[in-house]
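Morning, everyone. One structure today, and I'll keep it quick. Please have a look at the screen.

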Amino acid sequence: MKLVATLLLVGMLILWTELPTGSAWSCPRVRIICAMLNPPNQCYADRQCPRYKKCCPTFCGRKCISRPPSLPV
């Protein structure tokens with residue numbers, strides 16, 4: 001019985017560590033960078049953004065952005 005409980009606990013821990021943290025989407029790639037030496041940032045971490053937004057690098061500083069639209073398949 002102890003073996004079953006231990007295996008169940010280990011299985012639950014493995015599944016828990018594989019859960020995604022934060023939002024499930026990543027920031028879009030920045031292709032152009034502005035010429036400012038220290039561009040202004042509106043945020044530094046995702047927790048500073050409103051719900052469903054993410055703090056991402058943009059062409060000139062970091063900003064809270066919404067999830068980019070998904071492409072139709």
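Start with the strands. S1 and strand S2, residues 61-66, pair in the antiparallel sense over six bridges. Pairing here requires that DSSP finds at least two bridges between two strands. Lys-53 stands opposite Ser-66 in S2. Two residues make the hairpin that joins S1 to S2.

Some ground rules. This is a predicted model, where local features need pLDDT of at least 70, side-chain atom pairs count only at pLDDT 80 or more, and totals for chains, interfaces and linings use all residues. Residues are numbered from 1 along each chain as its sequence is written, and side-chain values use heavy atoms, with hydrogens and water left out.

Now the whole chain. It has one helix and two strands, in the order α-β-β from the N terminus. Helices are DSSP runs of H or I with at least four residues; strands are E runs of at least two, and both are numbered from the N terminus.

Next, burial. Of the 73 residues, 15% count as buried. Buried means under 20% relative accessible area, exposed over 50%, partly exposed in between, with a 1.4 Å probe and protein chains only.

Contacts, meaning heavy atoms within 4.5 Å. Among those between residues at least 6 apart in sequence, 38% join residues at least 24 apart.

Last, one residue. Where is Ile-32? Ile-32 lies in the loop between helix H1 (2-17) and strand S1 (53-58). Ile-32 is exposed, because its relative accessible area is 62%.
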